[in-house]
Amino acid sequence: MQMRYIDGFISVIIFLTLTTCGLTNARDSAEVQQERPVVLSYTNSPDIPDHIRFCGKNIDLRRYNIHEGIDRELTSMTYMHSSTMLLIKRANRWFPVIEPILRANNIPDDFKYLAVIESSLDPIAVSPARAVGIWQLLEGTARGYGLIITPTVDERRNVRRATQAACRYLQEAYDKFGDWMTVAVSYNSGMGRMSEQLDRQGEESPMQMYFLEETMRYPYRMLAAKILFENPYKYGFVLKAENLYKPVACDEEEVATDVPNLAVYAKERGISYLDLKLFNPWLRDTKLLTAGKRFTILIPQKNNLNYNTPNKYIHDSRWVVD
């Protein structure tokens with residue numbers, strides 16, 4: 001009788017011990033599960049450099065408003081993965097067009113990043129304010145700097161012509177302000193407002209001035225684009241040569257007389273109306289009325305229109321991995 005009591009007591013002790021261990025292990029396991037990440041990757045804050053070269057001038061990024069402004073824009077660009085990756089792909093096609101025009105007009109190369117943040121390098125971009133093209137020019141501004149805008153033509157969508165117009169603005173602004181960062185921010189604010197605020201706030205740098213939020217973010221967006229484009233792999237963008245959009249070789253045809261039917265015009269040159277419009281987005285209509293002006297139409301070479309072989313052209317070796 002006593003032996004059966006002892007055996008029963010021992011069984012109860014073993015049961016309670018096992019149960020307690022089981023509960024402890026279950027609780028530990030639940031805590032581990034709660035601490036375990038629920039996403040497939042970690043999100044890291046991007047590194048912010050202490051200094052950056054912009055238009056040949058060293059800019060200190062350590063002041064709180066500048067550091068945090070850069071951090072906001074670089075974080076945004078780093079984690080807008082698809083949009084930023086498309087920017088790099090498009091740059092392989094459009095930087096070779098933009099850079100020589102900037103250079104020919106004595107505009108610093110860094111201003112190509114202004115086009116990046118203005119339009120995402122989209123020649124047909126249109127803003128809510130009706131700014132158009134890769135340089136986002138308003139109609140009045142565009143006309144003032146020599147672009148033609150008619151019912152059948154909008155040269156704001158012509159990358160070459162629009163870049164030349166932007167250069168004229170940038171040079172005029174530099175003649176006025178004598179500082180390239182001030183010129184860059186004035187592209188958003190306008191020269192008049194920039195002059196007014198320089199006098200009112202008594203500052204020399206627009207990065208130490210108060211504007212509307214869009215204008216205050218403007219220089220940081222441009223600098224963030226420069227930082228990321230100069231080292232995309234560091235910020236998580238892994239591309240190969242074949243991922244980049246190749247420049248397409250085109251023949252140029254001067255036109256000084258009206259073209260009543262652009263679809264017929266395209267077919268006569270062995271391309272589709274779609275091809276004609278995509279390579280000449282400044283053509284607004286199904287016809288071209290020249291009004292005595294001369295225009296250059298790009299005719300893409302047919303053997304360049306397909307990715308039969310992977311792209312091999314790399315405009316900037318920093319954009320790709322081997």
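I took buried to mean under 20% relative accessible area, exposed over 50% and partly exposed in between, with a 1.4 Å probe and protein chains only. I noted that this is a predicted model, in which local features need pLDDT of at least 70 and side-chain atom pairs count only at pLDDT 80 or more, while totals for chains, interfaces and linings use all residues. I also noted that residues are numbered from 1 along each chain as its sequence is written, and that side-chain values use heavy atoms, with hydrogens and water left out.

**Thr43**

I looked up Thr43 in the loop between α1 (2-35) and β1; because its relative accessibility is 63%, Thr43 counts as exposed. I then took the C-alpha separation of Thr43 and Tyr79, which is 8.7 Å for two residues 36 apart along the chain.

**Whole chain**

I found 11 helices and four strands in the protein chain, where helices (H or I, at least four residues) and strands (E, at least two) are DSSP runs numbered from the N terminus. Of the 322 residues in the protein chain, 41% are buried. For contacts (heavy atoms within 4.5 Å), I counted those between residues at least 6 apart in sequence, and 65% of them join residues at least 24 apart.

Arg53 stands opposite Asn58 in β2, and Cys55, in the hairpin with two residues between its strands, takes a positive phi near 55°.

I fitted axes as lines to C-alpha atoms, for helices over the stretch in contact, with angles from 0 to 180 degrees between N-to-C directions. The axes of α7 (residues 180-189) and α9 (residues 213-230) come within 9 Å and cross at roughly 130°. That angle makes α7 oblique to α9, since under 35 degrees is roughly parallel, over 145 roughly antiparallel, 65 to 115 roughly perpendicular and the rest oblique. Residues of α7 including Met181, Val185 and Tyr187 meet residues of α9, among them Tyr218, Pro219 and Met222.

Key. Pairing = 2+ DSSP bridges.
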